[in-house]
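The tour below goes one selection at a time.

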Amino acid sequence: MLVKPTNIQGKGRALVASEPIPAGQILLRDRPILVYLSHHDHDGPVVCAGCFRKLSSPEPNAAPLLSCPSCSDHARFCSPNCQSSALASSHSSWVCKALTCLRSASTLSPDLRTQANFLIAAYNLSSVSPSDFSLLLSFQGSGVESPESHLLHSFILAVIALHPLPKGVEASPVLTALLLSKDKQNAFGIMEPLKDSGERLVRAYAIYPQASLFNHDCLPNACRFDYFDNPGDGNTSIIIRALHDIPAGREVCLSYFPINWNYKDRQTRLSEDYGFTCNCDRCQIEMNWKDEDEEDMDEDEQMDGPDGGWDGSGDEQDFPHEYFFMKFLCDRENCGGTLAPLPPENGMPSHVLECNVCGQFKPEEDEDSGVNEDDMLDE
Ligand SMILES: [Zn+2]
Ligand SMILES: [Zn+2]
Ligand SMILES: [Zn+2]
Ligand SMILES: [Zn+2]
């Protein structure tokens with residue numbers, strides 16, 4: 001492992017580089033313990049209920065898509081393999097019945113339906129894979145009961161009353177609230193491709209055993225990629241890559257949301273969903289910016305410093321992290337993705353960056369017009 005778990009004073013559990021890591025290096029390839037679909041109130045794409053790949057409309061002579069024997073068209077599979085493995089795990093007969101109940105639970109909002117999908121997957125995990133369920137419980141998140149968790153719990157109880165969960169844990173309001181907090185703090189959103197309108201749908205959420213151990217930083221030194229629609233086994237794995245060279249012993253962090261979010265939005269998300277205040281280098285600078293500078297950093301504004309018009313002459317005191325966005329923020333409209341170099345080949349660094357949201361490949365700009373690696377390693 002290129003990263004190892006460590007305790008950092010005043011911060012708790014963290015992953016640090018166990019050796020010098022070159023830019024673009026793959027730090028982790030992690031298979032999910034749990035994947036569940038996001039609920040859309042408008043039509044999202046149809047995906048295989050086994051591997052979560054998008055199912056393209058079948059060609060005239062292609063083999064027909066397979067369905068679930070119980071709920072038929074509500075669960076489709078791209079292959080007999082996906083069908084048989086899903087029927088024994090993620091689409092067990094209990095999940096199938098629970099999802100059928102959920103379709104008739106008309107009082108739940110789309111957001112609560114997505115959370116109900118999670119709870120169904122999580123309680124099912126306790127039945128089909130108790131060790132993965134214990135792992136899920138070991139993650140960060142100490143659930144607090146709320147009106148929403150009670151509403152979702154009464155849904156789960158109604159399902160279990162009709163269809164007892166085979167050899168799973170016993171559902172309780174406390175456990176439901178706890179599971180919901182594990183989800184909130186550890187799940188990665190798997191996005192659909194960016195639409196021309198700029199709209200982005202979440203296809204699914206996935207929880208990974210190792211990837212959820214990375215802490216957040218608003219100036220991350222690694223980012224994650226997923227390739228759910230790729231062929232072959234392991235399409236649901238998440239891949240974490242280094243943005244730039246990382247010295248041994250340095251903590252490796254991800255950003256838990258797009259890197260171009262402004263200070264206020266970042267702090268709100270971190271305190272509401274993760275329960276902490278970020279005090280990173282970038283936040284310490286941006287907390288002093290005036291409100292009118294806190295417009296969303298979209299398009300041209302993203303490079304603006306506190307005067308609302310950073311002009312390239314670089315008032316380093318006010319906006320010392322401009323280099324980071326020049327290099328690592330995708331410049332495609334509405335994207336907001338992070339660019340990371342491709343993995344080194346035969347020890348040679350790549351000079352092509354890949355966006356983790358829109359997938360574009362971009363040649364690296366000349367060294368002297370852009371980023372000085374030393375800047376990034378400065379503490
Ligand atoms: Zn499949
Ligand atoms: Zn079914
Ligand atoms: Zn921060
Ligand atoms: Zn992009």
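Which residues have the most contacts inside the largest nonpolar core? Select L34, L119, A122 and A206: these four have the most contacts inside that core, which has 80 residues. The model you are looking at is predicted.

Domain 1 covers 3-30 + 208-377 and domain 2 covers 34-189, and the core draws at least three residues from each of them. Then select helix α3, which gives the most to this core, with 8 residues.

On α3, pick Q115, F118, L119 and A122; on α6, pick T176, L179, L180 and D183. By type, the residues of this contact are 5 nonpolar, 2 polar and 1 charged. L119 and A122 of α3 are part of this contact, and both were in the core selection above.

Move on to A206. Leaving aside residues up to four places away in sequence, A206 touches P32, V35, A187, F188, I190, T236 and I238.

Finally, zoom out to the whole protein. Its secondary structure comes to 10 helices and 15 strands. The protein has 379 residues, of which 34% are buried. Of the contacts between residues at least 6 apart in sequence, 64% join residues at least 24 apart.

Note on methods:
Residues are numbered from 1 along each chain as its sequence is written. Chains are lettered from A and ligands numbered from 1 in the order in which they are written. This is a predicted model: local features need pLDDT of at least 70, side-chain atom pairs count only at pLDDT 80 or more; totals for chains, interfaces and linings use all residues. Two residues are in contact if their C-beta atoms, placed from the backbone, lie within 7 Å. Helices (H or I, at least four residues) and strands (E, at least two) are DSSP runs, numbered from the N terminus. Ala, Val, Leu, Ile, Met, Phe, Trp, Tyr, Cys and Pro count as nonpolar, Asp, Glu, Lys and Arg as charged, and the others, Gly among them, as polar. A residue is buried if 20 or more other C-beta atoms lie within 10 Å of its own, exposed if 12 or fewer, and partly exposed in between; C-beta atoms are placed from the backbone. A nonpolar core is a set of buried Ala, Val, Leu, Ile, Met, Phe, Trp, Tyr and Cys residues joined through C-beta atoms within 7 Å. Domain bounds come from an automatic or database domain assignment.
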